[in-house]
Amino acid sequence: MSSRRSRSTQSGVSRNITDDQITDLVSKLQQLIPEIRNRRSDKVSASKVLQETCNYIRSLHREVDDLSDRLSNLLATTDSDSAQAAIIRSLLM
Amino acid sequence: MSPKGVTLNTNSHKIKFARRFIRTLLRMRKNAPSSSSIEEIRKRSQRIKIAAYSSMAHAVGSRRAWSRAILFKLRNRARHHGMMRRRSMKKRVIKNDPPGDQSQTNKLRQLVPGGKAMDMCSLLEETAHYIRCLSTQVKVMQTIADHFSK
């Protein structure tokens, strides 16, 4: 695979983007995705990492949707006013 | 790029997000009618979802392209309400997508806010940060929901 050199002029900074840089970033991404991290195999193709990244982001979006539904239902039923301080306290721990 | 350590960064985002999001939730509860219909609950769920993404984008601020994209979208929505349609001012952006990964990369661009206009390097960096913040957002929402459930 020959390394491509291209210039990006976005935000006024010209960068020479090499395959190495992209590989490096892909491997950093790899560390963040539970699916791949738990499999402990070093040989994951970039395409697989991108695919799992997309799946992971979609699952996070779904979780946000579900939690929003749940919170909306809960909001109709809770009464306590000391909620805010208590929640922030528990989040800081 | 950013001099701060990762833990410090995520923690401050987490707290800023939590404060803003909880404030919004409590305001919603104050304005909520005592008996909520299914329709009202559904509409509120939509508003809560938007508040969650908005609070996180505000917590991160203009430091990141993805958060800027969300804030930009929110401000446009508030201002124009779909009335004014500006001609899109697209700069010529060289994207540097690796060959053979077109469909995966495009799917990723659609999932990350502002992804369509980023070059490949930025897209990968922004994705990493976006994922970290998204999972923080989910954890905080989970904690709040658990707390309200008690």
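Helices (H or I, at least four residues) and strands (E, at least two) are DSSP runs, numbered from the N terminus, and S72(A) is found in helix 3 of chain A. This is a predicted model, in which local features need pLDDT of at least 70 and side-chain atom pairs count only at pLDDT 80 or more, whereas totals for chains, interfaces and linings use all residues. Residues are numbered from 1 along each chain as its sequence is written, chains are lettered from A and ligands numbered from 1 in the order in which they are written, and side-chain values use heavy atoms, with hydrogens and water left out.

**Nonpolar core**

- A nonpolar core is a set of buried Ala, Val, Leu, Ile, Met, Phe, Trp, Tyr and Cys residues joined through side-chain atoms within 4.5 Å, and in the largest one, which has 56 residues, L71(A) and F21(B) touch the most other members.
- At least two residues of this core come from each of helix 1 (19-32) and helix 3 (46-75) of chain A, and likewise from each of helix 1 (6-31), helix 2 (38-60), helix 3 (65-80), helix 4 (102-111) and helix 5 (120-149) of chain B.
- The most is given by helix 5 of chain B, which supplies 15 residues to this core.
- Contact means heavy atoms within 4.5 Å, and when residues up to four places away in sequence are not counted, L71(A) touches F21(B), L25(B), I48(B), M141(B), I144(B), A145(B) and F148(B).
- In soluble globular proteins, nonpolar side chains tend to be buried together.

**Two buried residues**

- Buried means under 20% relative accessible area, exposed over 50%, and partly exposed in between (1.4 Å probe, protein chains only); S72(A), with a relative accessible area of 0%, is therefore buried.
- Not counting residues up to four places away in sequence, S72(A) touches I41(B), R44(B), S45(B) and I48(B), and a polar atom of the S72(A) side chain lies 2.7 Å from the backbone oxygen of I41(B).
- R64(B), in the loop between helix 2 and helix 3 of chain B, also counts as buried because its relative accessible area is 19%.
- Leaving aside neighbours within four places in sequence, R64(B) is in contact with E125(B), E126(B) and H129(B).

**Salt bridges**

- A salt bridge is a side-chain nitrogen of Lys or Arg within 4 Å of a carboxyl oxygen of Asp or Glu, and the structure holds 6 of them over all chains.
- K28(A) is paired in this way with D24(A), the closest N and O atoms being 3.3 Å apart, and since the two residues are 4 residues apart in helix 1 of chain A, they are separated by about one helical turn.
- K28(A) is partly exposed at 48% relative accessibility, as is D24(A) at 38%.
- D65(A) and K49(B) meet through their side chains in a salt bridge (3.0 Å, N to O), and because D65(A) lies in helix 3 of chain A and K49(B) in helix 2 of chain B, the pair joins two chains.
- D146(B) forms a salt bridge with R70(A), with the closest N and O atoms 3.0 Å apart, and this pair crosses between chains, from helix 5 of chain B to helix 3 of chain A.
- Both partners are partly exposed, D146(B) with a relative accessible area of 36% and R70(A) at 31%.

**Helix 2 of chain B**

- Helix 2 of chain B has 23 residues and reaches 33 Å from its first C-alpha to its last, close to the 33 Å expected at 1.5 Å a residue, where the expected span is 1.5 Å times one less than the number of residues.
- G61(B), whose phi is positive, near 75 degrees, follows this helix.

Definitions and conventions:
A polar contact is a pair of N or O atoms within 3.5 Å; within protein, one must be able to donate a hydrogen and the other to accept it, and residues adjacent in sequence count only if both atoms are side-chain atoms.
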